Amino acid sequence: MGSWEQPGYDVRLDWGAEGVAALGRECAVLVVVDVLSFSTTTDLVVGRGGRVLPVRWRDDRGVAQARAAGAVIAGEGAFTLRPSSVTEIPPGTLLALPSPNGATLCAAAAATGARVLAGCLRNASAVAAKASDLGGPIGLIAAGERWGVTIFGAGEACGPLRPCVEDQMGAGAIAAALAGQGLSLSPEAALAARSVDVTALAGCVSGRELTEAGHGGDVTLAARLDVSDAAPVLSEGVLA
């Protein structure tokens, strides 16, 4: 074990797939935080009694398997990756949700053998409580964005990581809730815990991108703190 695993702390934080690989070597629980939009959409679906099947980005085989399992495929009808599209999703719906960050990281996190949760600002305290119940150490995975990747059109399948405000805040809100339970935070997690300012979400790069594309309502939904008691846990490939 080296310094990359942030040893000696109950709660650690790192970024993207590289962070999954590092923290997954020791953490019993990994929380994937992709505030705009995967984790927020997942929270809304699970909060309404639905389930989410994460699908790696541009994985045709994964989509086919999800369809065979009876899932509704996001993007093929009324439901999409956007949070505002699922606010009235019927209870019991199994939604296959492809995304370049959150869904892809869920698969990578599960492969480490850790228990996997999906967290955001909306369900920060609920996810913290569930993660603590599952045991530790707990790794918070801020998804970040990928340069050259956009959910609105074509682009590279995977660009270099771009750390982003919204996922730093989402992970920080969960870290703060865990600290409130008496768990120790690594410096990375502690710094994130001090960064939670939901008013910054609309003005950050990702928030502006969505708003300028006509999806400001999604930013508003994502910026609500601790309004949900859903704590989606991945089990047999499904978040519920």
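This is a predicted model: local features need pLDDT of at least 70, side-chain atom pairs count only at pLDDT 80 or more; totals for chains, interfaces and linings use all residues.
If we take Leu140 and set aside its neighbours within four places in sequence, its contacts include Val11, Leu13 and Val31, together with Ala171, Ile174 and Ala175.

Next, helix 3, which covers residues 60–68 and in which Gly62, Val63 and Ala66 are buried. Why do they lie on the same side of helix 3? Around the axis they cover an arc of only 100 degrees, and so they share one side of helix 3. As background, an α-helix has 3.6 residues a turn, so residues three or four places apart point the same way. On the other side of helix 3 we find Asp60, Arg61 and Ala68, which are exposed. The cover over the buried residues includes strand 3 (51–56), strand 4 (72–73) and strand 5 (94–99). The two ends of the helix also deserve a word: at the start, a side-chain oxygen of Asp59 comes to within 3.2 Å of the backbone nitrogen of Arg61, and just after the helix, Gly70 adopts a positive phi of about 90 degrees.

Turning to charges, how many salt bridges are there? The count is six, and I will discuss three of them. In one, Glu26 meets Arg12 at 3.3 Å, N to O, and this pair links distant parts of the chain, since Glu26 sits in the loop between helix 1 (16–23) and strand 2 whereas Arg12 belongs to strand 1, 14 residues apart. Arg12 is counted as buried because its relative accessible area is 2%, while Glu26, at 28%, counts as partly exposed.

Another salt bridge joins the side chains of Arg82 and Asp218 at 2.8 Å, N to O. Arg82 lies in the loop between strand 4 and strand 5, and Asp218 in helix 9, so this pair ties together parts that are 136 residues apart in sequence.

The remaining one I will mention is between Glu76 and Arg67, at 2.5 Å, N to O; Glu76 is exposed, with 53% relative accessibility, and Arg67 is partly exposed, with 42%.

Finally, consider Asp167, which lies in helix 6, residues 165–180. Which side chain of opposite charge is nearest to Asp167, and how far away is it? It is Arg162, at 8.2 Å, and Asp167 is therefore buried without a salt bridge, given that such a bridge needs a nitrogen within 4 Å of a carboxyl oxygen. Apart from neighbours within four places in sequence, the residues in contact with Asp167 are Trp15, Val33, Asp34, Val35, Leu36, Ala142, Ala143 and Gly144.

Technical notes:
Residues are numbered from 1 along each chain as its sequence is written. Side-chain values use heavy atoms; hydrogens and water are left out. Helices (H or I, at least four residues) and strands (E, at least two) are DSSP runs, numbered from the N terminus. Buried means under 20% relative accessible area, exposed over 50%, partly exposed in between (1.4 Å probe, protein chains only). Lys and Arg count as positive and Asp and Glu as negative; His and the chain ends are not counted. Contact means heavy atoms within 4.5 Å. The arc is that of the directions from the helix axis to the C-beta atoms. A polar contact is a pair of N or O atoms within 3.5 Å; within protein, one must be able to donate a hydrogen and the other to accept it, and residues adjacent in sequence count only if both atoms are side-chain atoms.
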